[in-house]
Amino acid sequence: MEDLSLHILDIAENSINAGATKIEIMLNEDINQNILTLKIKDNGKGMDKETIEKVLDPFYTTKNVRRIGLGLPMLAQAAKEAEGNIDIKSKKGKGTTIIAKFVHNHIDRKPFGNMTETIINLIGSRGLDIDIIYQHCKNENCFIFDSIEIKKELQDIPINNPGVLSFLKKEIEKGLKEIR
Amino acid sequence: MKKLKIGDLEKIRDKARRTSSLRQNKARARVTVHMGTCGIAAGARKILTALLEEVGKKNLDDVIVTTSGCAGLCSREPMATVEIEDKPPVKYVDLTKEKIKKILNEHIIKGNIVKEYALAIGSERTTLK
């Protein structure tokens, strides 16, 4: 994976495949502490203790199509390369929370990549079935995208309507630019 | 905290309502972009972006764009499956933005399978909700 936005898309797709209807993505850049924290929380089917213990093993997967599962091990590797770590909390039937920490200015810390494209892809392809809350903070400055609020405002117009997607894309780009 | 300007959505909502009055049609086609780890690492996000943009530009309101996990053939990613009502599904492999646009124009709009990009044609018939 070239950047964090692709890791985030991958983990969010895992959440969707685990039956999640709500995914919260939080990126927190604490420049003073030099820590970047990524948190992804879903309300999917969750994992039992035994599965959590195996989930960072690339040769463990719950899928049947092929017997490897690289998504979480690759994110863990990305965190490790930037002197960070990963923490996975999950409860069967309740959901999963993944927290990855990175040294913010570490030379091997992956760039953010195109977060707008990741969010728009999730909304465009799965937005009718799931809600996405995306929050990106740099110190005290935060941008928040909440598809629940947007859907309420849109009323009968689907959130994946092309005109809506085009508007959301511009607004996310603008919002992220303002906090950077 | 900077929030997305919800108020501006009213204009978009009204505009969408005016332009999508005929949007009650049943879906005619579904395109599934395979977004497993392998697909994403191979460039599936670009394929999905190109597809969403093109479907929007052409106002194809009877085409569903969705995603799924790994299809089991990681070396041929990015992959997409095209399903057209009452026709067998077709799996396309080694996709690029240009290829998916051609597939949209030729297969989804005109109904001609793009054989040079296709891996396999299924035997079952597709029924779209």
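**Where chain B meets chain A**

A: Start at the meeting place: 31 residues of chain B are in contact with 38 residues of chain A (contact means that C-beta atoms, placed from the backbone, lie within 7 Å). On the chain B side, β1 (2-3), α1 (9-19), α2 (37-42), α3 (44-57) and β3 (63-68) each give two or more residues. Those labels are DSSP runs numbered from the N terminus, with helices (H or I) of at least four residues and strands (E) of at least two. That side of chain B splits into 16 nonpolar, 8 polar and 7 charged residues, where nonpolar means Ala, Val, Leu, Ile, Met, Phe, Trp, Tyr, Cys and Pro, charged means Asp, Glu, Lys and Arg, and polar means the others, Gly among them.

Keep in mind that this is a predicted model: local features need pLDDT of at least 70 and side-chain atom pairs count only at pLDDT 80 or more, while totals for chains, interfaces and linings use all residues. Residues are numbered from 1 along each chain as its sequence is written, and chains are lettered from A and ligands numbered from 1 in the order in which they are written.

Now follow β3 into chain B. There, an open sheet of 5 strands runs in the order β3-β2-β4-β5-β6, with mixed pairing (strands pair if DSSP finds at least two bridges between them). Strands β3 and β6 (118-121) of chain B sit at the edges with a single partner strand each, so one side of each has no neighbour in the sheet. On average, neighbouring strands are turned by 20 degrees against each other, direction ignored. The angles here run from 0 to 180 degrees between N-to-C directions, and axes are lines fitted to C-alpha atoms, for helices over the stretch in contact.

Look for Y92(B) here: its bridge partner in β6(B) is A118(B). Helix α3(B) packs on the sheet and touches β2 (29-34), β3 and β4 (80-84) of chain B. The direction of α3(B) makes about 155 degrees with that of β2(B). As you saw, α3 of chain B also gives residues to the side that touches chain A.

And the partner? Chain A has 6 helices and 6 strands, in the pattern α-β-β-α-α-β-β-α-β-β-α-α along the sequence. The C-alpha atoms of chain A fill a box of roughly 45 × 40 × 25 Å, taken along the principal axes.

Terms used. Contact = placed C-beta atoms within 7 Å.
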